Number of protein chains: 2
Amino acid sequence: MEYVVSDKVKTLKPSAIREIFKYAADPSVVSLSAGNPAPEAFPTKAIAEISADILANDPIGALQYSVTEGYPPLRSAVWDYMTKKFGVGSEDDDIIITSGAQQVMDLFTKTTCNEGDTVICEAPSFIGSLNSFRSFNCKLCGIPLESDGMDLNALEKALQTEKNVRFIYIIANFQNPSGVTTSLEKRKAIYELAKKYNVMILEDNPYGELRIAGEDVPCIKSLDKDGIVVYAGSFSKVLSPGMRLGYVIAPKPVIQKMVVCKQGEDVHTNSWAQMVAHRFMTEYDFEAHLSSLRTIYKKKADFCMELLDKYLVPSGISYQKIEGGLFIWCRLPDDAKISMTEFCKQAVLNKVCVVPGNAFLTDEAEQCSSFRINFSTPTDEQLEKGIKILGKLASEVL
Amino acid sequence: MEYVVSDKVKTLKPSAIREIFKYAADPSVVSLSAGNPAPEAFPTKAIAEISADILANDPIGALQYSVTEGYPPLRSAVWDYMTKKFGVGSEDDDIIITSGAQQVMDLFTKTTCNEGDTVICEAPSFIGSLNSFRSFNCKLCGIPLESDGMDLNALEKALQTEKNVRFIYIIANFQNPSGVTTSLEKRKAIYELAKKYNVMILEDNPYGELRIAGEDVPCIKSLDKDGIVVYAGSFSKVLSPGMRLGYVIAPKPVIQKMVVCKQGEDVHTNSWAQMVAHRFMTEYDFEAHLSSLRTIYKKKADFCMELLDKYLVPSGISYQKIEGGLFIWCRLPDDAKISMTEFCKQAVLNKVCVVPGNAFLTDEAEQCSSFRINFSTPTDEQLEKGIKILGKLASEVL
């Protein structure tokens, strides 16, 4: 049978990262290509305790159907936390617990975009979100990232010239893949531009709690006086990605449509996970846990940057120091003798796997001289081994 | 701000059932409107044991990112079970674990349908699936259900006259809401018609294991020699709906596209739930558990039908005896003095809640003289109280 494929899905391809994971699955290959939390970052003991208690005392609550909006005590706990700590959420907003923040990208795009509508995003940006936008046949318009956020001139030009722009997608803290944090000035400017051109902002903040240096910058959503910002939060980096727990805080009319779409998509998010997250946030020392995560990732990030300085920088590879998150964006020198993609291929042949930067562009065929390194997943030994190999390769081929 | 809503979502409304749940939440109202498994149907002790073991011995496996296709041991276990027990799945097929069977409706529609394409379904049919199809702006074409399945003449006529029909959606066993089981003859005929008119079949089978009388009828998917059937399975009625676990067995090219869409939708399904289900299927006596469920539901269904015979039938309300599932479809007499919707409203005012049948039609404004009763969620006492009230009301107003 000739299978009919919808226009929106026809050109959709598995993400390039997935293809790379095939190499990374080879145990002899050092993978610096993932984005998993470090194994030591999971509060496994607390989760086991809470889970046992829930399954002993309220098993039906954890196993029965629940409401689409999410487990009410978790909605309240997240709402209190986000409004008090970050000023995210006003009386015109509401919250849904989602099946990971990834589902926020899906639900908001579905709710807002017709096929052919435009989504403005950072270039580079997170491939999972780009693919979600693509899966609704949105046109992606990438705005070059500078060291403090999007190029504002390019952004305003895009807002003036692109048709049916529905929203600006932004990861303002420790962006994936670039590691860039958007400055407060640029956050304000992007907000004003969105308002001026009557488009919304989808602010995705999975790494915000993982700051290892510098000062917190207010969320764009905390500046939202006009009801134009949709905020996507995640438990993946602060509790567990396998639980698939995220949330969205957005203007009530947007939330109402997203709830109806979620109902038709997965009815509600896994109840057990929601109950565990609620108990962990409210009965354990959540701030102490976050602080321990920052200690873990600061150590790993600092170690990684030391290795980069020692082994890659001498060959002309450069990178911007990060202040948080899980990724470092490395750039080949302008006079490199081989292309970035060729460098990444050679790296895999030498048993170390990084992600070619063009995977994160709106058009993968575009030129890109950067690649992404992850330091949260590998052990210190793997990190050192992998970066040494990259350094040797760089000294030979660049 | 004037929020832009996509064409596909613009007309989407929260399901009528949800509105009814608002009344049902009032503790003084007897709810016969839900579709939840009976509380005593959950293997809570086994789940607690397995969960404790997983969180003690492989916590990172349960909490870390996993693959989009699903936890490999669960994929294998479900595959083996479905191929051996039901002949569902061939060498041209593959399987994905989904976040409930609801996600199969979403992913398959997204993969296959452009806006305006037609989905043929039974009339009445499951509102959650209808809303999922609607959320992609599909045109719904309902085929009247007879006591042994769809009206084949109406089906062939629809296949001849409707434009861009992409698939036929069917719940062949103990259909929600009608309770109807499609006969083997009709299953074969529907399969041949789909083949003749080059459309696919989406076979949704959440209740198949809950047969309380009669003989199993082969799944349509087990007849599939041409790679035209997509089979949606669910753990919601046989293990736990709160876990949000379902699966799809479909031709490989369809599965490949669905995997890419799932990646952009929720990355993967909750890992803990997948691991628990795998251990429950393979290390516990799954068949004995299913058998105990059938005992529970046979008792409840038989009791419910006795009550209907005693309290409703004398007033002219009729229903078709069921052989399984969770629902009974009751029909007002042709000469009823009030409409079905008015009857349901009066019922709520008298503190018993059922679902008006038109909620399950492709066009809710259409005439319908039936309503749906659920017997799995209420206790025996609640069931008796509720049906007595309905009987009193019927004797007064019909």
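# Close-up views of a two-chain predicted model

**View 1. The two domains of chain A.** Chain A is divided into domain 1 (7–43 + 288–397) and domain 2 (64–283); these bounds come from an automatic or database domain assignment. This is a predicted model, in which local features need pLDDT of at least 70, side-chain atom pairs count only at pLDDT 80 or more, and totals for chains, interfaces and linings use all residues. Residues are numbered from 1 along each chain as its sequence is written, while chains are lettered from A and ligands numbered from 1 in the order in which they are written. The centres of domain 1 of chain A and domain 2 of chain A, taken over C-alpha atoms, are 25 Å apart.

**View 2. Where the domains of chain A touch.** In this view, 32 residues of domain 1 of chain A are in contact with 37 residues of domain 2 of chain A (two residues are in contact if their C-beta atoms, placed from the backbone, lie within 7 Å). On the domain 1 side, helix H1 (7–10), helix H12 (286–311) and strand E11 (327–331) of chain A each supply at least two residues. Helices (H or I, at least four residues) and strands (E, at least two) are DSSP runs, numbered from the N terminus. H12(A) gives the largest share of this side, six residues. By class, the side of domain 1 of chain A that touches domain 2 of chain A has 19 nonpolar, seven polar and six charged residues. Here Ala, Val, Leu, Ile, Met, Phe, Trp, Tyr, Cys and Pro count as nonpolar, Asp, Glu, Lys and Arg as charged, and the others, Gly among them, as polar.

**View 3. Chain A as a whole.** The secondary structure of chain A comes to 14 helices and 14 strands. Its C-alpha trace spans about 60 × 55 × 50 Å along the principal axes. For 398 residues, a compact globule would have a radius of gyration near 21 Å, and the 21 Å of chain A agrees with this; the radius is taken over C-alpha atoms, and the globule rule is 2.2 Å times the number of residues to the power 0.38. Of the 398 residues of chain A, 57% count as buried. A residue is buried if 20 or more other C-beta atoms lie within 10 Å of its own, exposed if 12 or fewer, and partly exposed in between, with C-beta atoms placed from the backbone.

**View 4. The meeting of chains A and B.** In contact across the interface are 66 residues of chain A and 65 residues of chain B. The largest share of the side of chain A that touches chain B, nine residues, comes from H10(A). By class, that side has 30 nonpolar, 26 polar and 10 charged residues. Of the interface residues of chain A, 98% are also interface residues in chain B, so the copies meet through the same surface.

View 5. The 15 residues of helix H10 (residues 252–266) of chain B should span 21 Å at 1.5 Å a residue, and the end C-alpha atoms are 21 Å apart, which agrees. The expected span of a helix is 1.5 Å times one less than its number of residues. Of the 15 residues of H10(B), 12 are buried, so this helix is largely enclosed by the rest of the structure. H10(B) is followed by Val267(B), whose phi is positive, near 70°. H11(B) is mostly covered, with 10 of its 13 residues buried, including Trp272(B) and Phe280(B). The buried residues of H11(B) pack against partners that include helix H11 (271–283) of chain A and helix H12 (286–311) of chain B.

**View 6. Loop details.** The peptide bond from Asn176(A) to Pro177(A) is cis, with omega near 15°. Pro177(A) is found in the loop between strand E6 (165–170) and helix H9 (184–196) of chain A. Asn198(A), in the loop between H9 and strand E7 (200–204) of chain A, has a positive phi near 60° and is not a glycine. Asn198(A) is partly exposed, with 13 other C-beta atoms within 10 Å.
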